[in-house]
Amino acid sequence: MADEVRKLVAQYFQLVDPPQLDIPPGNVLLRPTVQETLYERMFDESLTPLPPAAYRTRVLKLVIARIEESITDPEVDELNDNLMDALGMLVAQPKANSLELAQKLSHVKYTAPLQSSSTKNREVTTIESRGLILSGGTTGKRTWEAALHLGSFLASSAGEALVRGKRVIELGAGTGFLSLFCAHHLGVQSVVSSDREPVLIENMRECVRFNHRGDGPFPFYPAFWDWGTPLEKTQELESFVDEDDLRFDVALGADLTYDTDIIPPLLSTVRDLFENYHVEEFIISVTLRSEKTFQTFLDGCESNSFNIELLPFESTPSEEQTGFFHSTSIPIKTYRILKAA
Ligand SMILES: C[S@@+](CC[C@H](N)C(=O)[O-])C[C@H]1O[C@@H](n2cnc3c(N)ncnc32)[C@H](O)[C@@H]1O
C-alpha cells in the first residue's frame with residue numbers, strides 16, 4: 001500500500017477530523033488500484049468495526065470530490081463504481097440527530113507511528129465518546145493528546161525498553177489506550193489499567209475482544225483506583241497475583257494534572273506506589289495548558305522529595321506524524337519521576 005494511502009486509512013480509523021485528513025494528491029487518487037484499495041480498506045461494509053456512518057459519508061464525499069477535480073480526461077480517468085455505490089448507500093441511510101451522534105460510543109482504531117525497522121502496523125482499538133460535554137461524561141471517555149504523545153514515545157525503541165518484560169500499572173487510564181498498547185504490542189509482563197470510573201473499567205473490559213484476537217494470554221488487567229484511597233481488587237487482579245505480593249516495576253500516566261484539585265491525591269497514590277508496590281519510576285506525559293497548574297504539580301513533587309526529570313522526547317509535528325495522530329498546538333512533555341534517594 002502506498003504511504004499516502006496507508007496514512008489516510010490510519011487517520012480514518014482514528015476518526016481524525018475530516019478537514020485534518022491527509023487525502024492523497026490527485027495523481028495518486030486517479031490510479032484505479034488506489035481507488036479500489038480505498039474502497040476495500042475503508043468503505044466496504046463487511047469491514048468491522050467501521051467508523052460511524054456520518055463520519056464515513058463526510059470522508060467519502062471529500063475523497064470523491066478530490067478524485068473528480070483531478071480528472072482531466074474523462075475518456076481515460078475513472079471514478080471507481082464501488083466508491084460511488086458506497087456513497088449512494090450512505091446518503092440513503094436515515095440521519096441520526098446531532099445529540100444522538102455526540103452521545104454515541106464509537107470504536108476508534110489507533111495505528112502506531114511507523115518504525116524504520118518494521119513495516120507491520122501496530123493497532124489498538126478503544127471505545128470512545130467524542131461528544132464529551134454533551135454526553136455529560138467523564139474526561140476519560142476519549143483518548144487525549146498526552147496519551148497519544150506518550151504512546152508515540154513507547155512505540156520508539158527507547159520507550160519500549162522502559163516497559164518490555166515489566167509489570168506496568170497505569171493511573172487514570174481513561175479509555176485504556178496506553179495499557180492496551182502495552183499489552184498488545186510492547187511485550188509487558190502485565191499491565192494493570194486503572195481508573196476511578198466504573199463505566200471506563202467496563203469499557204476497557206469490552207475492548208479486550210477487539211485487541212486480543214489470538215489464543216495466547218493477554219496480560220491486561222482493568223482495576224478501580226481512586227487516588228488517595230487503596231487500590232481495589234477487581235476479579236481480574238485477584239486472578240493474576242497473590243494479593244500479598246502485588247507489585248509493579250513502572251507506572252504510567254497521561255494528562256492527569258489538568259486541575260490543581262486532583263494533584264494532591266495523585267501524588268499521594270504515586271507515593272503509595274513507591275512505598276508499598278515497589279514501583280521504581282513513574283512516567284507521566286503532561287499537556288502544558290496552564291503554568292499555574294503545572295507549577296502545583298512540580299511543587300507537590302518537591303514537597304514529596306520526588307526527583308523529576310524531563311525525558312528528551314519531542315512531539316513530531318502533526319504534518320509529519322505517521323500514526324497516533326494528535327495536535328501539537330499545546331506543548332506536551334514527558335517526565336520521569338523517581339522516589340527520593
Ligand atoms: C484527562 S483524562 C486522561 C485519560 C487518559 N490518561 C488519556 O490521556 O487519554 C483523566 C483521567 O483521570 C481519571 N481521574 C481523575 N481523577 C481521578 C482520581 N481521583 N482517581 C483516579 N482516576 C482519576 C479520570 O477518570 C480520567 O480517566
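In which kind of crossing, left-handed or right-handed, does H12 pass H13? I started my notebook with that one, and the crossing is right-handed. My term for it: a crossing is right-handed if the near helix is turned clockwise from the far one by less than a right angle, and left-handed if anticlockwise.

**Ground rules.** I am working with a predicted model, where local features need pLDDT of at least 70, side-chain atom pairs count only at pLDDT 80 or more, and totals for chains, interfaces and linings use all residues. I number residues from 1 along each chain as its sequence is written.

**H12 and H13.** I looked up the geometry of helix H12 (residues 263-276) and helix H13 (residues 291-303): their axes come within 10 Å and cross at roughly 35°. Axes here are lines fitted to C-alpha atoms, for helices over the stretch in contact, with angles from 0 to 180 degrees between N-to-C directions. I then listed the contact: Ile263, Pro264 and Leu267 come from H12, and Thr296, Phe297, Gly300 and Cys301 from H13. Contact means C-beta atoms, placed from the backbone, within 7 Å. I sorted these residues by class and found five nonpolar, two polar and no charged. The classes take Ala, Val, Leu, Ile, Met, Phe, Trp, Tyr, Cys and Pro as nonpolar, Asp, Glu, Lys and Arg as charged, and the others, Gly among them, as polar.

**Whole chain.** I noted 13 helices and nine strands in the protein chain; these are DSSP runs numbered from the N terminus, helices being H or I with at least four residues and strands E with at least two. The C-alpha atoms fill a box of roughly 75 × 40 × 40 Å along the principal axes. Of the 341 residues, 35% count as buried. Buried means 20 or more other C-beta atoms within 10 Å of a residue's own, exposed 12 or fewer, and partly exposed in between, with C-beta atoms placed from the backbone. Among contacts with a separation of 6 or more, 72% come from residues 24 or more positions apart.

**Ligand.** I counted 24 residues around the ligand, and Gly140, Ala147, Gly172, Gly174 and Arg196 come nearest. A residue is near if its C-beta atom, placed from the backbone, lies within 6 Å. By class, this shell has 13 nonpolar, six polar and five charged residues.

**Ile284.** I found this residue in strand S7 (residues 281-287). Why does Ile284 count as buried? Because Ile284 has 26 C-beta neighbours inside 10 Å. Leaving out residues up to four places away in sequence, Ile284 touches Gly253, Leu256, Tyr335 and Ile337.

**Loops.** I stopped at His278, in the loop between H12 and S7, where phi is near 65°, a positive value in a residue other than glycine. His278 has 13 other C-beta atoms within 10 Å, so I list it as partly exposed. Leu15 is partly exposed, because 19 other C-beta atoms lie within 10 Å.

I also checked Pro49, in the loop between helix H3 (32-43) and helix H4 (53-70). A cis peptide bond joins Thr48 to Pro49, with omega about -15°.

My last stop was Thr234, in the loop between strand S5 (220-224) and helix H11 (235-240). Thr234 touches Pro222, Ala223 and Phe224, not counting residues up to four places away in sequence.

Terms used:
Two residues are in contact if their C-beta atoms, placed from the backbone, lie within 7 Å.
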